[in-house]
2 protein chains.
Amino acid sequence: MANIGLALLGARPGNVGGGVLAAFEAAHDRYSAHVGRTLELRHILVRDASTPRAGVPAALLSTDFDAILADPEVHIVIEVMGGETPARDYIERALASGRHVVTANKEVMAKHGADLLATAAKHGVRLLYEASVGGGIPIISPLSRDLLANDITAVTAIINGTTNYMLTGMASGHVDYADALAEAQRLGYAEPDPTADVEGIDAAYKLAILCGLAFHVAVSPDDVARQGISSLAARDFRYADALGYAIKLLATARLLDGGLVASVQPTLIHRDEPLAKVDGVLNAIQIEGDLVGRVLFQGRGAGPGPTASAILADVLDVARDIVAGRQPTEAIQRRAVPVHAPGVHRSRYYLRVTVADQPGVLARISGILGDREISIASVIQFETDEDARTAELVITTHQATGSALDTALADIRALDTVTEIGNVLPMAG
Amino acid sequence: MANIGLALLGARPGNVGGGVLAAFEAAHDRYSAHVGRTLELRHILVRDASTPRAGVPAALLSTDFDAILADPEVHIVIEVMGGETPARDYIERALASGRHVVTANKEVMAKHGADLLATAAKHGVRLLYEASVGGGIPIISPLSRDLLANDITAVTAIINGTTNYMLTGMASGHVDYADALAEAQRLGYAEPDPTADVEGIDAAYKLAILCGLAFHVAVSPDDVARQGISSLAARDFRYADALGYAIKLLATARLLDGGLVASVQPTLIHRDEPLAKVDGVLNAIQIEGDLVGRVLFQGRGAGPGPTASAILADVLDVARDIVAGRQPTEAIQRRAVPVHAPGVHRSRYYLRVTVADQPGVLARISGILGDREISIASVIQFETDEDARTAELVITTHQATGSALDTALADIRALDTVTEIGNVLPMAG
């Protein structure tokens, strides 16, 4: 029987492509046995074929995507280049030429997933993207299949390992943001330009992908409200800890009155919650469904090994379908839903406010909050600077809408006794 | 287009069958939309059709399995009767008659899964059993598909909610076994005859099923070494806690030198491990693979809702295959592997020993352990009974084989200064 031909787009050593190549080489015979046909890697698309690459057969290297597409023996294209361009174009052309595609590309899937899935359906092929969220943690497939009987009510996730590593360091070592970032960069967990991670852009891509599957709605990453972690101070973690909470960069989404509420924000989460205990570079995704209750999926969210695990699972699944002559099933239709303005969502809040250390300040702040019907749950005066005659108040509120809080904060900021509103963070649950 | 016909075997209200019926009724239209064809429940097999059942159409009730099989409009048989007989027979006959089968039956799948999967393959139909392990937690499908690229090195799981609820109570409330069992029975978490739960039989069924998928080996529940939880005393939890450990009924399996080591045992697990934090009726399954590292799946392991979530996911999956005309892929071949005797496995151990409170006792015990090349990691004298002139020693060891330890324990038991060997438990990791 004919082999099943693969083409790999992207192969930087030490990166995802390198992880796929290493795993494929180590377990090639086992994979072929699982599939019942020999898997044959026929092409590796690289930018510069003259760069020497250990363990990569030079004869497979190519810089010409068209030549790869022209090979009729290629059945599955594996895209691990990353970035929007030219990956999106290559994926689309591979699908349109009747090739199945397996991708790890969160940016392309978040921005163009719906269109590309439609292209795949039109051409009778599959587009699989388990590796695009949560590294090796199975989550795309469980949402697509195993939790399908549920009305999914909420997605709550830690899906950026870089920031979770930094926040874990800030929580345990009492280091500030700049030190945590420097350490993450030193260890290779953070990029030289850390924007995509620390501003929640990466997590927003992944959350948009999860929303499409969980709620069967079309979600753009622009629909996700974002707040980065750079405003967090070491003392926010101390204060949260004193209140019984951890601070995590939580990606959360739910359908509310038929509209979507989705955000990536540093969030206080009670230390008894499973997500509060997810530390270091680990990722975890919690799904709430009407039947299943809460299920949690946890593991390493990045790295060549975990990502290769997800990519090769998709490859084996497609390859088994090819061998069995199985055609793809129809995709589940996605609905367009309105996106709620961030201010509509109700949450409890943590406020850190620096005030003049004098009588009556708290009365004025609580008066302003009360005028907006925001109830105070607790107030703790944590630190006093005797020289500056200031004190730091940490206020937690009961449920309030974001817009009510914003209006109140504007009034509080205008008080002459308020030096600074240091941080405002939602509290989960 | 013709409907997709379903038959449900078993429908006790408040039980799994009731959960399936309630979910099916509530979400019938959504399910049919996902599938692209109307799902039609045509028969419900019950023992006594004259029992009134709220919300169950009396016209669907039947006590005659043959009559159900004779209906050519039945495409999928859902088995939620539980127990080995007659469920196994019904599943086999449904498969042989060309019907797809979805089952929640851990006992049948653990004892007869390999044969029944072969029957399904022979007749070109699918046998799905996501609900048989971990309730609504996706684990069968992730092992079958999402982690398939990995060489799975270990399965470590808390897969019996009854005992986990009891152990959590014993750990936090300092109640003893009998009180914990009485409370679990009062709340309906434990059966009047709790044997299957507290002796680890239920967990051994589930572990045998997981081993088949994780290692592609044929495993019988008899291959799983079992130790129940009835020997645990409240003070074991206090002592473990002082050492930094929780005690959980862990189901563990790994391949070692080409042979299987599988056990269900109360086990000390360090409190920093994710599984140590899985409390109450929650279940959690940790899979270790060469690519993915450790991934954890956690959720409610029982109950009508979670179990219905898993069963209906399988039903939707089969139904979508029927609509697309997709034939099953070939099952992955399972190998026969030898089962290691329990004594071969190396572990660290926790020993609680009651001894005469006099000099030289520890020297004699450590001498015996040393003779068997078992190194002591720590010794703590926890409690002394001055009237009886006894003391309680808690000894933890470094890695030792079970057989070396058994030999040493026989010698220790024979010492005239040793009153009792209270408990011997493995320590994970």
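**View 1. Helix H3 of chain A and the elements that cover its buried residues.** The model is predicted: local features need pLDDT of at least 70, side-chain atom pairs count only at pLDDT 80 or more, and totals for chains, interfaces and linings use all residues. Residues are numbered from 1 along each chain as its sequence is written, while chains are lettered from A and ligands numbered from 1 in the order in which they are written. Among the elements covering the buried residues of H3(A) are strands S1 (4-9), S4 (74-79), S5 (100-103) and S6 (127-128) of chain A, together with helices H2 (65-69) and H4 (106-122) of chain A. Helices (H or I, at least four residues) and strands (E, at least two) are DSSP runs, numbered from the N terminus. Within H3(A), which spans residues 87-96, the buried residues are A:Ala87, A:Arg88, A:Tyr90, A:Ile91, A:Ala94 and A:Leu95. They lie on the same side of H3(A), because they cover an arc of only 165 degrees around the axis. The arc is taken from the directions from the helix axis to the C-beta atoms. A residue is buried if 20 or more other C-beta atoms, placed from the backbone, lie within 10 Å of its own, exposed if 12 or fewer, and partly exposed in between. Just after H3(A), A:Gly98 has a positive phi of about 85 degrees.

**View 2. The open sheet of chain A, with 6 strands.** The strand order is S3-S2-S1-S4-S5-S6, and the pairing is parallel. Strands S3 (61-62) and S6 of chain A stand at the edges with a single partner strand each, so one side of each has no neighbour in the sheet. Two strands count as paired if DSSP finds at least two bridges between them. H11(A) packs on this sheet and touches S1, S2, S4, S5 and S6 of chain A; its direction makes about 165 degrees with that of S4(A). Such angles run from 0 to 180 degrees between N-to-C directions, with axes fitted to C-alpha atoms, for helices over the stretch in contact.

**View 3. Strand S2 of chain A (residues 39-45) and its pairing with S1(A).** S1(A) and S2(A) are parallel and share 6 bridges. A:Gly5 is opposite A:Glu40 in S2(A), and A:Ala7 has A:His43 as its bridge partner. S2(A) also pairs in the parallel sense with S3(A), over 2 bridges; here A:Ile44 stands opposite A:Leu61. S2(A) is mostly covered, with 5 of its 7 residues buried.

**View 4. Strand S9 of chain A (residues 245-256) between its pairings with S7(A) and S10(A).** S9(A) is largely enclosed by the rest of the structure, because 10 of its 12 residues are buried. Strand S7 (residues 152-158) of chain A runs antiparallel to S9(A), joined to it by 4 bridges; A:Val155 is opposite A:Ala253. Strand S10 (residues 259-270) of chain A is also antiparallel to S9(A), with 12 bridges between them, and A:Leu250 is opposite A:Gln265. S9(A) and S10(A) make a hairpin with 2 residues between them, and A:Asp257 in the turn has a positive phi of about 50 degrees.

**View 5. The contact between chain A and chain B.** In this interface, 46 residues of chain A are in contact with 47 residues of chain B. Contact here requires that the C-beta atoms of two residues, placed from the backbone, lie within 7 Å. On the chain A side, helices H1 (16-35), H5 (140-146) and H11 (304-324) and strand S12 (293-300) each supply at least two residues. H11(A) gives the most, with 11 residues. By residue type, the chain A side has 21 nonpolar, 13 polar and 12 charged residues. Ala, Val, Leu, Ile, Met, Phe, Trp, Tyr, Cys and Pro count as nonpolar, Asp, Glu, Lys and Arg as charged, and the others, Gly among them, as polar. S12(A) pairs with strand S12 (residues 293-300) of chain B in the antiparallel sense over 3 bridges, and A:Leu296 is opposite B:Gln298.

**View 6. The open sheet of chain B and the helices that pack on it.** Chain B has an open sheet of 6 strands in the order S3-S2-S1-S4-S5-S6, with parallel pairing. Its edge strands are S3 (61-62) and S6 (127-128) of chain B, each pairing on one side only. Strands S1 (residues 4-9) and S2 (residues 39-45) of chain B run parallel and are joined by 6 bridges; B:Leu9 stands opposite B:Leu45. Helix H1 (residues 16-35) of chain B lies across S1, S2 and S4 (74-79) of chain B, at about 160 degrees to S2(B). Helix H11 (residues 304-324) of chain B touches S1, S2, S4, S5 (100-103) and S6 of chain B, and its direction makes about 165 degrees with that of S4(B).
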